[in-house]
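Subject: Handover of a structure

Dear colleague,

Please find below the structure that I am passing on to you. A summary of the findings follows it.

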Amino acid sequence: MRLHLPNFLYRGIPVHRLQLHGQCRRKTLGYGRRSPDTMASWSNSDIHIEEERHVRANDRNYNDKFFYADNHIKTSKYNVFTFLPINLFEQFQRVANAYFLVLLILQLIPEISSLPWVTTTVPLVMVLVITAVKDATDDYVSQLWALIIDYGLQNEKWMNVRVGDIIKLENNQFVAADILLLSSSEPYGLCYIETAELDGETNLKVRQALTVTSELGADILKLAEFNGEVICEAPNNKLDKFKGTLYWRGSKFPLDNEKMLLRGCVLRNTDWCFGMVIFAGLQTKLMQNCGRTTLKRTSIDKLMNTLVLWIFGFLVCMGVILAIGNTIWEQEVGRSFQVYLPWERPVSNNNAVFSGFLTFWSYIIILNTVVPISLYVSVEVIRLGHSYFINWDGKMYYGQKDTPAEARTTTLNEELGQVEFIFSDKTGTLTQNIMVFNKCSINGNTYGRFFSHFGLQTACVDFSFNPLSDRKFTFHDSSLVEAIKMEEPSVQEFFRLLALCHTVMSEEKNEGDLLYQAQSPDEGALVSAARNFGFVFRSRTPETITLYEMGTAVTYQLLAILDFNNVRKRMSVIVRNPAGQTKLYCKGADTIIFDRLDPSNEDLMDTTSEHLNEFAGEGLRTLALAYKVLDRDFFEEWMTRLLLASTVMENREQRLADLYEEIETGLLLLGATAVEDKLQEGVPETIACLTLANIKIWVLTGDKLETAMNIGYSCNMLRDDMNEVFIISGHTAAEAHALEPELEQVLLETACLCKTVICCRVTPMQKAQVVELVKTNKMAVTLAIGDGANDVSMIRTAHIGVGISGQEGMQAVLASDYSFAQFRYLQRLLLVHGRWSYFRMCNFLFYFFYKNFAFTLVHFWFGFFCGFSAQTVYDQWFITLFNIVYTSLPVLAMGLFDQDVNEANSHRYPGLYRPGQLNLLFNKRQFFLCTLQGIVTSFLLFFVPYGAFSLGVRADGLHLSDQQSFAVTIATSLVIVVIAFQSDIGLDTYYWTAVNHLFVWGSLAVYFAILLAMQSDGLFSIFPSQFPYIGTARSCLAQWSVWLVILLTTAVCVLPGMAVRFLKTDLYPTLTDKVAKYVHKASRKQGPREQNLRRVRRTSSRRSGYAFSHQQGYGELITSGKNMKVGQY
């Protein structure tokens, strides 16, 4: 037997207890990134395909025959032995890395290589090492999280739990496997769980063990001898269904979902329980819902792979042209020079074609710098810098929880500037999951949240008169307290109803220290409001409810609970007060309650309806309250019929509903409540701003329809003037069929026509399916944001996953690419960091490709003047240092620090985000333009000095046209054009910093310093073969004619581009150009669309979104007494 209990030996049986260390880790049960091999084992479910599962309690030998998954979840991609081969395999999947590896092999062949192999080996090794270190660091962080989580156990790790083991759980512990409930500390084998990690709901749910197993209690011997066998369904992702049978002692007992505690649940209000593990690890229902982890690559990464292939094709074309030229030249001209330049052995048989073949490979090596490997190093450095900017952003730091923003990946930053669809969870993501009693209407009078003439909120009410009040509760209308103290009957009856009509359980560990366990947060808020206004719900038994009314204990006899369901949309209780009066108290949707009011209440109903419209206009969740005094004889007769209907087998529900309908008529209206599902700070403004940025926001929630719609109104996602609202319910046949392949396109097209889409009652897997549907068919960048384990699946499916470190643990954070503490930070992440990252990366790539085309293609033009001999124009040291030293830092500084507009204007003008969504800044067209510009620049760089030198002479009369002086002149012109003027670095760097100045002017200074040093007498005397350009720079740059040529070349390269750029800005300005011009001219910097960010007031009658639990209420359970401890009654 594997029974996890306190440490001791019981009759030779070793037993242990599982205990979690600290609340900060108990929810994080090992979700994180997985390697492909792990996911493969998950998707296959195991070595064999299960059709049904056989599990025998306390019998590992029997269970091991089926090769069930253990409870170990791997969160790291590598280990010590697999890191090197797997990482190298992943890196060489990049086309450029594979290309440079082939190039390195070619450079080892002396017959075709005119450059030393070191020029390619060193950069390639640097790229591989830097990337490997980054990947190892990321994986180590992921693994470290898992170790902390897994090791948060005292005597037995959760990872060691196996199918068939019996485990003990204690109050507030997380369930880390799918277990069959056997017994608990509560009567009748009941236990209470919170399923926020599964469906986003924080209301408590009840699970009940079979009667035969609940008798096992906490008896260690009986549990050790338990040998029941469960035959059940195979592992699947259906969170709300379970089918199985327990075979024990010759009998069989049906099992359903109400007997199961699923991984991710939290045990609440239950001292302990015992359970048998049915599914473990990756086969649990929660993990089956988590989907497949995919390798995330940005659209720019994919485009770069395509461009590298194009460039390689272009390189081959240039090599072919030059090889043909070499063949013709050798055939027609070269033969005449064999006396002076004899062919080497491979071509000694006068084979000009073979000479051209070798020349082809030589030019492939020389022209390889058109795609320098330093590009990938620079890209990684820029991405790393952008990630640190996110981590260091103090405006995304949440001080209350000491939680900074964190970029958990360095590869997706520019993708943040291209998001078109956001898929958001509701509970804990948009809301704080805190319900607040804000306003109410009682007998035609409204109370709550008054404001003075100066717009200041009135002071909080002083509840010091009530020793049992909750100090955290606030209310802003003292007149309601005065009405209570003056004993106004309608006000007292109002709060008496709130204190009686509910299914809340009260827990009082210390005198006056009350803790309410509510079926829904709304219900808890209403009972807490009654408590603070002097009507304190203190305790209950199956037959009674005890209140403290203004300090006096009053016990009501509980006669019946007419429970809530989705059809009734109301609940009622029937009680008898100490005076012997029988009353029915009812609360529910106003449309339902108003239809059942006595005709004498018409005027009050009209007034209350106006108040409800006002509350609904503010996005509050409303509820109508009414009561009725019952005739004793009528009630006794009705109760007799109720008891009879509750025992029949046929049409029981319908008969009960008819009886409820009969007694819930002729009600007297008391008023209405207004509860706020408190949004996180800044959520409406954030959604409004993101909407102006043309980002479509879909809410995917496991909550019910009314709750989701109310949040939609509170967030300004839903407004009364909207006709294009699409609300999908995941628990309907329509949604189930709509996600089928033959109908999913219809669903997508319909949803994309709407301004707002809300999907409610969806499972974690359905969330992922919706994200995948948009991701696959719309070809748009998607972002998913959530805070719970039920959001992990969509977070992993989306292009970008964002986790909020909130109330529901760390699973979402561990699975995410970015994390922070508040939803409002998403606006800054996208509109500032994302847009800047995309803008910087696109400009960097444009200029990087441009400068390398300009640098490399000079060799192509030179080939026509050197007999296509694969001779280089530049000194080999210039070729080696051009991308690494001379031109890397200025472009890198632009890629790290440039800003077209500042962060304030990025928020003020959300339309600036649009170019990223349309992928305008760097695409195939932009690549073609930068290629063309680079080709033209290389042409001018070669032929302007060539033309000038062909006729020019030095001041001393000597000719200028030696090859070394020619090379220095072209190299100097190239560096000046690329660094200072062309590539738009000097002209269009929007945001100059000290670093930009240092890198630009410093690179120029470094170029001249290295140039003079390498062509000095000193280095030549030490390494004559390595530095052959002795004195060339000193001699060449001393001539004014050379500087005139450099100036002319620079002007010819720069001026056309400047003219085109200025004309384009003036005649066809982009939104960025307009904003920059407006900002410079405007004296005020207030955005023209600021009014759109204000919260829109609702005026319709759409209300009564009271968030009862979606399940049947607990009325029958309470009146049966099964949920009461023996000592309570």
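How far does helix α36 reach from its first C-alpha to its last? Helix α36, residues 994-1014, spans 29 Å with its 21 residues, close to the 30 Å expected at 1.5 Å a residue; the expected span is 1.5 Å times one less than the number of residues. Helices (H or I, at least four residues) and strands (E, at least two) are DSSP runs, numbered from the N terminus.

Please note that the model is predicted: local features need pLDDT of at least 70, side-chain atom pairs count only at pLDDT 80 or more, and totals for chains, interfaces and linings use all residues. Residues are numbered from 1 along each chain as its sequence is written, and side-chain values use heavy atoms, leaving out hydrogens and water.

Several residues of α36 are buried, including Val-1000, Leu-1004, Tyr-1007 and Leu-1011 (buried means under 20% relative accessible area, exposed over 50% and partly exposed in between, with a 1.4 Å probe and protein chains only). An α-helix has 3.6 residues a turn, so residues three or four places apart point the same way.

Turning to the sheet, nine strands form an open arrangement with antiparallel pairing, in the order β18-β17-β27-β26-β25-β24-β23-β22-β21. Strands count as paired if DSSP finds at least two bridges between them. At the edges are β18 (445-447) and β21 (535-540), each pairing on one side only. From one strand to the next, the twist averages 30°; axes are lines fitted to C-alpha atoms, for helices over the stretch in contact, and angles run from 0 to 180 degrees between N-to-C directions.

Within this sheet, β23 (residues 552-562) and β24 (residues 570-576) are antiparallel partners over five bridges. Gln-557 has Arg-576 in β24 as its bridge partner. Helix α20 (residues 652-663) packs on the sheet and touches β23, β24, β25 and β26, where contact means heavy atoms within 4.5 Å. The direction of α20 makes about 130° with that of β23.

The structure also holds 58 aromatic pairs (rings of Phe, Tyr and Trp, the last by its six-membered ring, with centres within 6.5 Å; planes under 30 degrees apart are stacked, over 60 edge-to-face and the rest tilted). Phe-849 and Phe-922 are stacked, because their ring centres are 6.2 Å apart and their planes are at 10°. Phe-849 lies in helix α28 and Phe-922 in the loop between α32 and α33, so the pair ties together parts 73 residues apart in sequence. Both Phe-849 and Phe-922 are buried.

Yours sincerely
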